[in-house]
Amino acid sequence: MVQLGLVVAQYDKHGEVIGEMERGAREAAAARDANIVDTVSVPGSYDTPLAADRLARRSDVDAVAVLGAIISGDTDHDAVIGHAAAQGLTDVSLDRDTPVTLGIIGPGMSQDEAEARTDKGGSAVTSAIELATELEQ
């Protein structure tokens, strides 16, 4: 059974995108007989690499799935946040030799586009399980 860490960025400008993504992630884990051993909530997507690193250090975590939503604003700030989070999570995965999957939707999307992509929570968990299983062999 794959043991997962889950990082959930709580920032969601207008609704239930994050809640739906987390529900999908938990459903995907249950459907694949994986266990989420710990969930760390952080304020926003920019904050996810540190939490992912803490989970990836644990001996009882085989992979980490990271969820978040970056909605476009009036500036390019969303792109800066998206790039920083993606690079930070890549670094964690390589430094810890632990799969860390990117379930952060955006940047450059509207609220409607975010609501249409809540399935990415389940996809991030599925990818984490598949990668952990493949690398275990």
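Q: What does buried mean for a residue?
A: Buried means under 20% relative accessible area, exposed over 50%, and partly exposed in between (1.4 Å probe, protein chains only). The model is predicted, so local features need pLDDT of at least 70 and side-chain atom pairs pLDDT 80 or more, while totals for chains, interfaces and linings use all residues. Residues are numbered from 1 along each chain as its sequence is written, and side-chain values use heavy atoms, without hydrogens or water.

Q: Why is Leu4 called buried?
A: The relative accessible area of Leu4 is 1%, which is under 20%, and therefore Leu4 is buried. Leu4 lies in strand β1; strands (E, at least two residues) and helices (H or I, at least four) are DSSP runs, numbered from the N terminus.

Q: What does Leu4 touch, leaving out residues up to four places away in sequence?
A: Contact means heavy atoms within 4.5 Å. Among the residues that Leu4 touches are Ala29, Ile36, Val37, Val61, Val125 and Ile129.

Q: How do you know that the length of α1 agrees with its number of residues?
A: The expected span is 1.5 Å times one less than the number of residues. For the 15 residues of α1 this gives 21 Å, and the end C-alpha atoms are 21 Å apart, so the two values agree.

Q: What does the corresponding comparison give for α5?
A: Helix α5 has 17 residues and reaches 24 Å from its first C-alpha to its last, close to the expected 24 Å.

Q: Which residues of α1 are buried, and what covers them?
A: Val17, Ile18, Gly19, Met21, Gly24, Ala25, Ala28 and Ala29 are the buried residues of α1. Their cover includes the strands β1, β2, β3 and β4 and the helices α4 and α5.

Q: Which residues form the meeting of α1 with α5?
A: From α1 come Met21, Gly24, Ala25, Ala28 and Ala29; from α5 come Lys120, Gly121, Gly122, Val125, Thr126 and Ile129.

Q: What do the buried residues of α5 pack against?
A: These residues, including Gly121, Val125 and Ile129, pack against β1, α1, β3 and β4.
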